[in-house]
Amino acid sequence: MLFRPNKSTYDLVFKTKDKNELQKARVNCVARAERFARMEMKYGKQPATLDDLWNFKILNENTAYIKLGTFVTNKLTIDWKKFLASAFDEIKSKNIPNLILDIRGNEGGDDEVNLILGKFLANKPIIFPEYKQLLRYEKVSDDVRPYLNTWDKSFYD
């Protein structure tokens, strides 16, 4: 996105793990749709939205499964708190003793998800210590802003 290719190719310089010498390769660009199609052919159906990264199901009478592929809650269209409450209500009502909480590939996001999960998973009330958030930064320049994304515009300045 930042460095447009020349003649629809990129010239790469790299080292492989078994050779210490620099190697070069020219690779063709791939359109987003084609890249997505290749990924699905190799890895199966890919999520179309962040909502698709959240899933709940009962595997059997002894095991429930919750997949939380992201904690970026500001971009979810589902009510994630209701999603979790409903899942844990069903687990409790069906007296399911085991839970698989799948967070593979989750790169983080809103820390509140951890707090909510903790309340559902803990055997006794959890008390979290207070903390003070300290930030140090400079104003984000206007020419970089189109490439950034945040739920809180105050981070820019």
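## Report on the predicted model

T16 is found in the loop between β1 (9-14) and β2 (23-28); helices (H or I, at least four residues) and strands (E, at least two) are DSSP runs, numbered from the N terminus. This is a predicted model, in which local features need pLDDT of at least 70 and side-chain atom pairs count only at pLDDT 80 or more, while totals for chains, interfaces and linings use all residues. Residues are numbered from 1 along each chain as its sequence is written, and side-chain values use heavy atoms, with hydrogens and water left out.

At 28% relative accessibility, T16 counts as partly exposed. The classes are buried, under 20% relative accessible area, exposed, over 50%, and partly exposed in between (1.4 Å probe, protein chains only). Between T16 and D79 lie 63 residues in sequence and 45 Å in space, C-alpha to C-alpha.

**Strands**

β3 and β4 run antiparallel and are joined by six bridges, with a hairpin of two residues leading from β3 to β4. Two strands are taken to pair if DSSP finds at least two bridges between them. β4 and β5 (residues 98-102) run parallel, with five bridges. Some of the residue pairs are listed below.

| Residue | Partner | Strand of partner |
|---|---|---|
| N55 | K67 | β4 |

β4 is mostly covered, six of its six residues being buried. T63, Y65 and K67 lie on one face of β4, A64, I66 and L68 on the other, and all are buried.

**Helix α2**

β4, α2 and β5 form a right-handed β-α-β unit. A crossover is right-handed if, with the strands pointing away from the viewer, the path from the first strand over the helix to the second runs clockwise. α2 has 14 residues and spans 20 Å from its first C-alpha to its last, close to the 20 Å expected at 1.5 Å a residue; the expected span is 1.5 Å times one less than the number of residues.

Which residues of α2 are buried? They are W80, L84, A87, F88 and I91. These residues lie on the same side of α2 because they cover an arc of only 90 degrees around the axis, the arc being that of the directions from the helix axis to the C-beta atoms. K82, D89 and S93 are exposed on the other side of α2. The cover over the buried residues of α2 includes β3, β4, β5 and α3.

**Nonpolar core**

A nonpolar core is a set of buried Ala, Val, Leu, Ile, Met, Phe, Trp, Tyr and Cys residues joined through side-chain atoms within 4.5 Å. The largest one has 16 residues, of which W54, I66, L68, W80, L84, I91 and L117 touch the most other members. Two or more residues each come from β3 (54-60), β4 (63-68), α2 (80-93) and α3 (112-121). α2 gives the most, with five residues.

Contact means heavy atoms within 4.5 Å. Leaving out residues up to four places away in sequence, W54 touches K67, L68, G69, T70, L76, I78, W80, F83, L84 and V113.

**After α3**

T150 is found in the segment after α3. With a relative accessible area of 14%, T150 is buried. T150 touches F155 and Y156, again not counting residues up to four places away in sequence.
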